[in-house]
Amino acid sequence: MSDAVTKTVAPLRRKSNPINGKHTNGVTIDGTLDDHNRQIAINSQMENIAKKTDDGGGEEAEWTSKASFMTWTMHDIVYVARHHWIPCLFAAGVLFFTVVEYTFQMTPASSQPFDLGFVATRSLHSILASSPNLNTVLAALNTILVGMQTTYIGCTWAVEGRPRATIAALFMFTCRGILGYSTQLPRPQEFLGSGVDYPVGNVSFFLFYSGHVAGSMIASLDMKRMQRFRLAMVFDILNVLQSIRLLGTRGHYTIDIAVGVGAGILFDSLAGKYEEMSKRHLRTTRCSLISKDSLVN
């Protein structure tokens with residue numbers, strides 16, 4: 001066996017300068033260089049840093065010279081338009097509604113609020129206004145749907161031991177009460193009430209936002225999470241139908257329906273975060289108790 005010792009020589013690579021975090025100009029300062037060469041390399045780096053600073057450069061100049069938009073090309077723009085068309089669509093929407101906002105004539109205070117959903121459901125409103133019995137039947141079916149979603153949400157906690165949907169509903173209805181009381185919208189003049197509609201007894205209710213729609217969204221999201229997709233699809237269809245009925249009876253404005261959908265998604269997400277936070281806190285508490293027990297023992 002040969003006495004020669006085989007040495008593995010690592011390839012030269014660019015190392016970070018410990019002073020400014022930048023790479024050196026191909027110089028590796030390690031044990032392969034003698035002290036003289038090492039000192040020369042350090043002095044060269046210090047001179048480069050001083051030159052950048054004297055020229056008003058430094059990190060700020062480097063940042064401004066490499067601004068993101070300065071590297072954009074037509075190929076990049078085409079790529080964004082093809083592969084990120086959804087943000088581009090929203091960007092076009094921002095531009096369009098910016099023009100609308102500056103040219104739109106506001107509804108006078110003496111007039112009823114304008115609602116596009118009311119315009120779209122004029123024929124349904126006429127049918128329900130001329131057929132009180134049909135309005136009562138639809139109101140009863142809507143109340144049954146509210147009972148279904150309430151029962152499901154309650155059972156997820158009381159029967160299945162999963163509190164997320166129940167927590168989401170508690171968050172949602174509390175927030176709805178605060179917002180509904182804070183800004184009380186006028187009830188539409190064409191409102192078609194029914195004694196069997198929810199709230200039962202044709203009592204007053206908060207318009208903003210729709211608890212009917214938000215509650216159905218919370219139930220549907222939980223069903224999808226548990227892979228009950230057919231039941232979730234049924235709830236989604238019934239939610240759409242109840243939204244159309246609410247607009248047709250003038251029981252809610254369009255904005256109430258839209259925010260109700262968003263509220264259901266938002267509070268379901270917040271309930272999930274609350275669950276995760278509670279679990280982390282419980283694990284931390286248990287670990288602390290175990291550590292205390294081990295110290296005592």
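This is a predicted model: local features need pLDDT of at least 70, side-chain atom pairs count only at pLDDT 80 or more; totals for chains, interfaces and linings use all residues.
1. Now the overall layout. Of its 297 residues, 26% count as buried. If you look at contacts with a sequence separation of 6 or more, 71% of them are between residues 24 or more positions apart.

2. A helix pair to look at is H6 and H7. Helix H6 covers residues 122–130, and its axis comes within 5 Å of that of H7, with a crossing of roughly 110 degrees. An angle from 65 to 115 degrees counts as roughly perpendicular, and H6 and H7 are therefore described that way. On the H6 side the contact is made by Ile127, Leu128, Ala129 and Ser130, which meet Pro132, Leu134, Asn135 and Leu138 of H7. Sorted by class, this contact has six nonpolar residues, two polar ones and no charged ones.

3. H7 also packs against H9, and here the geometry is another matter. Helix H7 spans residues 132–158 and helix H9 spans 211–225; their axes come within 10 Å and cross at roughly 45 degrees. The two helices are therefore oblique to each other, and the crossing is left-handed. From H7, the residues involved are Asn142, Leu145, Val146, Gln149, Tyr152, Ile153 and Thr156. Their partners in H9 are Gly211, His212, Gly215, Ser216, Ile218, Ala219, Asp222 and Met223. In this contact of H7 with H9, seven residues are nonpolar, seven are polar and one is charged.

4. Please have a look at arginine 245, which sits in helix H10, residues 229–248. Is this arginine buried or exposed? With 6% relative accessibility, arginine 245 counts as buried. Leaving aside residues up to four places away in sequence, arginine 245 touches Leu124, Asn135, Leu138, Ala139, Asn142 and Asp197.

5. Glycine 272 is a residue of helix H11, which runs over residues 254–296. Its relative accessible area is 9%, so glycine 272 is buried. The C-alpha atom of glycine 272 is 8.9 Å from that of isoleucine 167, although 105 residues separate the two along the chain.

6. Finally, some backbone details for your checks. Most residues other than glycine have a negative phi, and most peptide bonds are trans. The bond joining phenylalanine 208 and tyrosine 209 is cis, with omega about -5 degrees. Tyrosine 209 lies in the loop between helix H8 (164–182) and H9.

7. Two non-glycine residues with positive phi are also worth a glance. Glutamine 227 has a phi near 60 degrees and is located in the loop between H9 and H10. Arginine 250, in the loop between H10 and H11, has a phi of about 65 degrees. Which of the two classes, buried or exposed, applies to glutamine 227? At a relative accessible area of 62%, glutamine 227 is exposed, whereas arginine 250 is buried, at 2%.

Key
Residues are numbered from 1 along each chain as its sequence is written. Side-chain values use heavy atoms; hydrogens and water are left out. Axes are lines fitted to C-alpha atoms, for helices over the stretch in contact, and angles run from 0 to 180 degrees between N-to-C directions. Helices (H or I, at least four residues) and strands (E, at least two) are DSSP runs, numbered from the N terminus. Angles under 35 degrees count as roughly parallel, over 145 as roughly antiparallel, 65 to 115 as roughly perpendicular and the rest as oblique. A crossing is left-handed if the near helix is turned anticlockwise from the far one by less than a right angle, and right-handed if clockwise. Contact means heavy atoms within 4.5 Å. Ala, Val, Leu, Ile, Met, Phe, Trp, Tyr, Cys and Pro count as nonpolar, Asp, Glu, Lys and Arg as charged, and the others, Gly among them, as polar. Buried means under 20% relative accessible area, exposed over 50%, partly exposed in between (1.4 Å probe, protein chains only).
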